[in-house]
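Welcome, and please take a moment to look over the model before reading on.

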Amino acid sequence: MAKIIDLGDEIELHLTKREKLAALHGNLTAKKSDLISQNVVEKPWRSGLLKGFRAPGTGIPFYLLLGTMRYKGGKDFTIIYRNRPVEVFEFKSGPYKRWIISKEK
């Protein structure tokens with residue numbers, strides 16, 4: 001399962017080998033100074049949180065969503081498993097506006 005690692009001035013989203021393969025992406029890093037907010041959403045599939053279309057990545061509706069979600073004005077990186085709550089990291093700059101990551105049980 002993906003993990004957030006504190007690297008001092010940066011945070012890293014560390015993906016497992018399977019997640020890297022399914023998301024067609026490697027680990028991500030962002031500056032802590034670019035982090036605007038961090039919150040938890042209990043029901044990611046039905047909350048209106050997700051927008052755009054997945055490209056590239058892997059998706060099975062309401063079961064699995066790994067990869068980049070593209071929409072007008074930006075893109076998000078998602079690692080969502082089943083109906084688990086997700087942690088949403090929102091950034092003011094960088095390649096992704098948000099990281100949307102399932103929380104561990």
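What follows covers the sheet, its hairpins, the nonpolar cores and the aromatic rings.

## Before you start

This is a predicted model, in which local features need pLDDT of at least 70 and side-chain atom pairs count only at pLDDT 80 or more, while totals for chains, interfaces and linings use all residues. Residues are numbered from 1 along each chain as its sequence is written, and side-chain values use heavy atoms, with hydrogens and water left out.

Strands (E, at least two residues) and helices (H or I, at least four residues) are DSSP runs, numbered from the N terminus. Two strands pair if DSSP finds at least two bridges between them.

## Two hairpins

β5 and β6 pair in the antiparallel sense over six bridges, and Gly59 has Leu65 in β6 as its bridge partner. Three residues separate these two strands in their hairpin, and Phe62 in the turn has a positive phi of about 65°.

β6 also pairs with β7, in the antiparallel sense over eight bridges. Leu66 has Ile79 in β7 as its bridge partner. This hairpin has two residues between the strands, and Gly73 takes a positive phi near 95°. Seven of the eight residues of β6 are buried, so β6 is largely enclosed by the rest of the structure. Buried means under 20% relative accessible area, exposed over 50%, and partly exposed in between (1.4 Å probe, protein chains only).

## Nonpolar cores

A nonpolar core is a set of buried Ala, Val, Leu, Ile, Met, Phe, Trp, Tyr and Cys residues joined through side-chain atoms within 4.5 Å. The largest has 18 residues, and those with the most contacts inside it are Leu13, Leu66, Phe77, Ile79 and Trp99. Its largest share, three residues, comes from β7. A second, separate core of nine residues includes Val41, Trp45, Val86 and Val88.

Leu13 shows how parts of the chain meet: leaving aside neighbours within four places in sequence, its contacts (heavy atoms within 4.5 Å) include Ala2, Leu28, Phe77 and Trp99.

## Aromatic rings and charges

How many aromatic pairs does a search of the whole structure find? There are four. Rings of Phe, Tyr and Trp (its six-membered ring) pair if their centres lie within 6.5 Å; planes under 30 degrees apart count as stacked, over 60 as edge-to-face and the rest as tilted. Trp45 and Phe62 have ring centres 5.6 Å apart and planes at 45°, so the pair is tilted. Trp45 is buried, at 18% relative accessible area, whereas Phe62 is partly exposed, at 47%. Ring pairs also link Phe89, Phe91 and Trp99 into a cluster.

Two lysines lie over rings as well: the charged end of Lys51 sits over Tyr71, 4.4 Å from the ring centre, and Lys75 lies over the face of Tyr96 at 5.0 Å. A charge sits over a ring if NZ of Lys or CZ of Arg is within 6 Å of the ring centre and within 35 degrees of the ring normal.
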